[in-house]
Amino acid sequence: MTFLEQNLGLTPPLWQRRTRRQRVTAAVMPLLRRPGFSLAVLIVLFSLLAAVAPQWLTSFDPYATAPAVKLTAPNLTHWFGTDELGRDLYTRMVYGSSLSVLAAFLAVGIALLGGLGLGILSGFAGGRIDAVIMRIVDVLLALPGLLLALAIVTAIGFGTVPVAIAVGVGIIPGFARTTRAEVLRVKTLPYVEAARLGGASWGRTLLRHILPNAWGPVAVLATLDFGAAILATAGLSFLGFGAAPPAAEWGTLIANGRHFLITAPWVSLLPGLFLVAVVFSLNHIARTFEEVQR
Amino acid sequence: MNALVDVRQLSVSYRHGNLAVNQLSLTIAQGETLAIVGESGSGKSTLANAILGLLPGSATISAGELWVDGNNLTHARERQRRGLRGRTIGLVPQDPMVSLNPTLRIGQQIAEALILAKGKRYPGVDADIVELLQQVGIAKPVLRARQYPHELSGGMRQRVLIAIALAGNPRLIIADEPTSALDVTVQRKILNHLQRLVSERAISLLIITHDLGVALDRADRVLVMQQGQVVEQGAPRQILGAPQHDYTRALIAAAPAFATRRQPLARPAPTQPPILQLQNVGKTFALPKVKGEDATFVALEDLSLQVYPGQTLAIVGESGSGKSTALRIALGLEKPSRGRVWFEQQDVTDLSWRDFRPLRQRLQLVQQNPFAALDPRFTVFDSIVEPLVSFGLLKGPALEQAARELISRVHLPVSFLDRLPRELSGGQCQRVAIARALALKPDLLLLDEPVSALDVSVQAHILELLQELQRDMGIAYVLVSHDLSVVANFAHEVLVLRNGRVVEQGSVERIFSRPTSDYTRELIGAIPGQHAIASAA
């Protein structure tokens, strides 16, 4: 068709701006052609689907006990085997996603909001404000993340949401530091000055130029910390601060199996391996984004 | 006589199928100075890297042979190549600002090269460092050896790099665009010095440059490269006097020093009042308090200038002369410490950002580095129309129409509107930046070294475009440049700045034909290519 048009010597159509969909496709397609990246995206999508609609992925009830088949090794009916009460482990893991993923989203969301806000404020305002914010961040950085989270959970109570808040607060400093450094770098670039001279207000410059260009490393950090948040929540649940039984959560599943590590290793091992796969996928996605930016 | 470097039918290709060097042959004799001239992308740096054995992993020698000092290096091992680097071939890299390790003292970095050349640490190293620094013309060598790179100026750093290249007592020095990041006067001093050192020691010199003027001035033999191939080679006089190839002719025409100097732009008597006026403007910066040093730095002193509609005023000076500060004051980015700034009869000295904003539609800037001047995430369309969107002037189809008009004004195809800056060359980026500056239909454009980051031939095209825009739209320009040869055919009036003071001010014709100050004479003398013209004449 285009060939025909060219041959007929028609004047090319007037240039039009590409639609939003065309621009998004052009950016995403080369990424999806990487097999590792596609696999990682599939795994993450699976855990997200499990969090939203677990009943689509399994026909068992996560809470139905069946003492007759307790501690069965993985087979075709029970893909991940069963636990000490005969509950299907695969089902419990799928249902556990909702709490784990919710906790991770909450944690990263808190860290992003708090970290971006503090980072932009301190990079943009500079001077005294910058100094005060950065000293507070220094103090937070000096405390080990899990210890800080433990202290916060002890203060505000047990449960998945408090654990998520605790983990989120624990990773704010990293976000604030990264954002501030990027804002400081981008703020002095010639195109920001050009935008200002073109009459753009500070708000517009911040939203259209500084934030999108400072966003890259922060987004990578967020994907990376998503995995870290899942691990930290699982860790805190393992210690008994998270979801109360019989609610399933990845950390509590792994914790439950520790009594049967010798006789029934799959109870801890398979949910643990799934957790590793998800975290690994997130790290891989983060790394791919980082490579693409370069 | 046996050639020191013998390249026979060499081809270097990159992994994505791009042939950077195509069947190229050249020889360099002992003690000879050879210059390779070409635009960026012509493969000249790839050739230098091949001789050094420093090709990136994605490039391979696909055909031909490469002999250095009797060794076949075509497929030599890294170990053999390393033996030659430093001791047989020295390199003076391109950018002195980033080529030194910022965490090591100057002396340590030279010592590293000396120790590598000798093979072991030896007692006389400190004396040798001082001697090398003296040889490359650095005053107070004992002090400098103890300093870090950031404490030295660009010219001094380039001298240190030359010292490092000399440390191994090499027989060939490759200088990859050795001075393109430096001011013209510094450039001349460094090249003079390098040339003297090389001839004293009978070292061969390979200069790689995009500036035909530099090549013709310095080399015994000039080799013109285009798209990986040698299009012409010969003695400078022959190249300049009787160029055989069209590309060489185009390069000669583009080099400001050889361009037939047009009748200097006659300056019509100003009929209208000046559009921009600076009155006795001065600027002092407060310095961090260090005992025994001045607390303030005077960047600009008592500067007065007028720009008339439709005319060009050029501000010329070295880095640190205050020319950028003058521009920033005119733009309202800095407040002057003294003096007044008038824009069209309106005193804008004390205007706040908000009050200045309406004036921004009349007054725009084109920046120095075209690659950094465009937001990497914005398509060309977004960049060009941004000022229109910021002021809320146009929307939807009208905006697209404006973008189409602007992009054709700067002679780029309309399809470029969808591209991102990284898909454009330097010259194309600068055209986009000019289009953005034109979007608001300004009456005055401030050009901050608009061509200094570009190849010579691209410079000529951009300057041509700017002149055409001035003719068509009657825009006034303030051009800031360190290069007098750029100014010669472009400006109506010239102002020479040095250390924040006005050295000379007058019409372009008078400055070039009857310069009154020594400094202006020195600047005119530093334009590369004059030596070649003189010897050809």
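A: The contact takes 17 residues from chain A and 25 residues from chain B, two residues being in contact if their C-beta atoms, placed from the backbone, lie within 7 Å. On the side of chain B that touches chain A, strand S16 (363-366), H13 and H14 each supply at least two residues; helices (H or I, at least four residues) and strands (E, at least two) are DSSP runs, numbered from the N terminus. H13(B) gives the largest share of that side, four residues. By class, the side of chain B that touches chain A has nine charged, five polar and eleven nonpolar residues. Here Ala, Val, Leu, Ile, Met, Phe, Trp, Tyr, Cys and Pro count as nonpolar, Asp, Glu, Lys and Arg as charged, and the others, Gly among them, as polar.

The model is predicted: local features need pLDDT of at least 70 and side-chain atom pairs count only at pLDDT 80 or more, whereas totals for chains, interfaces and linings use all residues. Residues are numbered from 1 along each chain as its sequence is written, and chains are lettered from A and ligands numbered from 1 in the order in which they are written. The model scores ipTM 0.71 and pTM 0.76. Chain B has a mean pLDDT of 84, with 94% of its residues at 70 or more; pLDDT is the predictor's confidence in each residue, from 0 to 100. Where pLDDT is low, the predicted coordinates should not be read in detail.

Helix H13 (residues 380-390) of chain B is largely enclosed by the rest of the structure, because nine of its eleven residues are buried. A residue is buried if 20 or more other C-beta atoms lie within 10 Å of its own, exposed if 12 or fewer, and partly exposed in between, with C-beta atoms placed from the backbone. The buried residues of H13(B) include B:Phe381, B:Ile384, B:Val385, B:Glu386 and B:Leu388. In chain A, the buried residues of H13(B) pack against helix H8 (190-197) and helix H9 (202-238); in chain B, they pack against helix H14 (396-409) and helix H15 (426-438). Just after H13(B), B:Gly392 has a positive phi of about 65°.

Along the principal axes, the C-alpha atoms of chain A fill a box of roughly 75 × 65 × 25 Å. Of the 294 residues of chain A, 39% count as buried.

The buried residues of H3(A) are A:Phe37, A:Ala40, A:Val44, A:Ser47 and A:Ala50. Seen down the axis of H3(A), these residues fall within an arc of 155°, so they line one face of the helix; the arc is that of the directions from the helix axis to the C-beta atoms. On the other side of H3(A), A:Pro35, A:Ser38, A:Leu42, A:Leu45 and A:Val52 are exposed.
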